[in-house]
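Please look over the sequence and the model shown below.

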Amino acid sequence: MTQGLALETYLDAARAEVEVGLEHVLRDLEQSLPPHLMPAVRQGVTTGGKRLRPILCLAAWEACAPDLVASESRHALVHLACSLELIHAYSLMHDDLPSMDNAPLRRGLPTPHVTHGVPATLLGGAALIPLAGLVAWRGAERLGLDPKTCRDIVRTLARAAGGTGMVGGQGLDLEGEGKHLDREELDRLHRGKTGALLRASLELGAMAAHATPKVRTALERYGAAIGLAFQVADDILDATADEIALGKRPSDAAMDKSTYVALLGVEGAQEEARTLVADALTALDEGGLEALPLRALAHYVIERDR
Ligand code: GRG
């Protein structure tokens with residue numbers, strides 16, 4: 001329990017909504033994608049995963065529009081939130097490929113290319129990128145948002161996924177292998193690679209709720225702080241948890257990557273993660289947001305065990 005909120009119950013309910021939303025999206029995709037690519041897509045999208053990004057989007061929307069939580073808009077909102085998970089799923093499918101991290105395991109299961117081969121995983125993953133844009137657009141339209149807000153939503157998702165966000169961060173990550181990045185370089189890399197999509201999750205929820213500029217700023221700051229905290233926690237898990245607990249092979253040391261643990265030590269990284277969470281909570285306070293789920297999620301981001 002966190003401040004009166006049973007986080008596990010909240011996460012289970014939100015996750016169940018996201019699973020239903022993703023299933024609808026995949027059924028639509030089945031109508032157009034060559035059938036032999038679907039198994040790799042299904043494995044990439046549906047096998048487990050915490051669904052953190054769409055859940056953050058839902059929680060941000062709830063924080064801005066508490067009166068609408070049980071409304072008709074909810075289905076459209078879940079659809080919109082699924083766009084974030086599609087980008088995330090493709091990024092993991094591609095990141096695990098032999099030419100990238102060459103990872104045989106994720107979420108305790110063989111990775112899609114191990115089961116379905118590299119070409120299907122590459123193409124199936126690529127199909128998720130434009131699909132995410134379409135799903136975001138459709139979700140925004142179904143929410144009855146005006147055309148400008150619909151455009152802003154798709155633009156925000158695209159920027160977070162692209163060169164100024166996740167792909168750019170991944171590029172810096174590859175370039176940094178075998179080098180010792182300093183704190184500023186590491187922050188820049190992870191604000192792109194992991195942080196941009198997490199922050200966009202909050203932004204999409206806020207935009208969908210027509211949040212005021214003050215609330216949007218607060219949620220963006222919250223998103224930026226937990227985005228970095230998420231990565232610090234990821235580095236701690238990679239350094240301290242084993243393959244069974246993680247559901248994947250720890251890889252940072254093997255790939256000679258700069259990490260927050262390498263830079264700050266495990267205890268220093270834990271302290272940094274707590275500081276970032278405190279900043280996220282301060283942002284909510286300053287935005288005048290009660291947002292109990294977001295507060296609990298901020299703690300969850302650094303206390304999770306996988
Ligand atoms: C075109 C090869 C190519 C690359 C495109 C793949 C890519 C760019 C970027 C990948 C960046 C990446 C993998 C970021 C995610 C980092 C991360 C911490 C993932 C784990 O996220 P969780 O814990 O995963 O939310 P679950 O399993 O819960 O979904």
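## Terms and basis

A residue is called buried when its relative accessible area is under 20%, exposed when it is over 50%, and partly exposed in between, with a 1.4 Å probe and only the protein chains counted. Leucine 284, with a relative accessible area of 0%, is therefore buried.

The model is predicted, so local features need a pLDDT of at least 70 and side-chain atom pairs count only at pLDDT 80 or more, while totals for chains, interfaces and linings use all residues. Residues are numbered from 1 along each chain as its sequence is written, and side-chain values use heavy atoms, with hydrogens and water left out.

## The ligand and its shell

The ligand sits in the largest pocket. A pocket is found on a 1 Å grid over the protein atoms alone: it is an open set of points where a 1.4 Å probe fits, with protein on both sides within 12 Å along at least five of seven lines. A molecule sits in a pocket if more than half of its atoms lie within 2 Å of the pocket's grid points.

The ligand is surrounded by 18 residues, and the closest are Lys50, Arg53, His88, Ser91 and Arg107.

Which helix gives the largest share of the shell around the ligand? Helix 4 does, with six residues. Helix 4 (73-95), helix 8 (166-176) and helix 10 (213-240) each supply at least two residues of the shell. Helices (H or I, at least four residues) and strands (E, at least two) are DSSP runs, numbered from the N terminus.

## Contacts with the ligand

For lysine 50, the distance from a side-chain N or O atom to a ligand oxygen is 2.5 Å. For arginine 53, a polar side-chain atom is 2.7 Å from a ligand oxygen. For histidine 88, a side-chain N or O atom is 2.7 Å from an oxygen atom of the ligand. The protein buries 87% of the 740 Å² that the ligand exposes when taken alone. Such areas come from the Shrake-Rupley method with a 1.4 Å probe.

## Two residues with positive phi

Arginine 107, one of the closest residues to the ligand, is in the loop between strand 1 (105-106) and strand 2 (109-110). Arginine 107 is not a glycine, yet its phi is positive, about 55°. Its relative accessibility is 23%, so arginine 107 counts as partly exposed.

Histidine 210 also has a positive phi, about 50°, although it is not a glycine. This histidine is in the loop between helix 9 and helix 10.

## Buried residues in helices

Threonine 194 is in helix 9 (residues 183-208). Its relative accessible area is 8%, so threonine 194 is buried. The side chain of threonine 194 makes a polar contact of 2.6 Å with the side chain of glutamine 231. A polar contact is a pair of N or O atoms within 3.5 Å; within protein, one must be able to donate a hydrogen and the other to accept it, and residues adjacent in sequence count only if both atoms are side-chain atoms.

Isoleucine 226 belongs to helix 10. Is isoleucine 226 buried or exposed? With a relative accessibility of 1%, isoleucine 226 counts as buried. Alanine 120, in helix 6 (residues 118-142), is buried because its relative accessible area is 9%.

## Distances along the chain and in space

Alanine 120 and leucine 37 are 83 residues apart along the chain, and their C-alpha atoms are separated by 5.2 Å. Proline 35 is in the loop between helix 1 (7-30) and helix 2 (38-46). Its C-alpha is 49 Å from that of aspartate 285, 250 residues away in sequence.

Notes:
Near = heavy atom within 4 Å. 1 Å grid on protein atoms, 1.4 Å probe; cavity = no way out; pocket = protein on both sides within 12 Å on 5 of 7 lines; lining within 4 Å.
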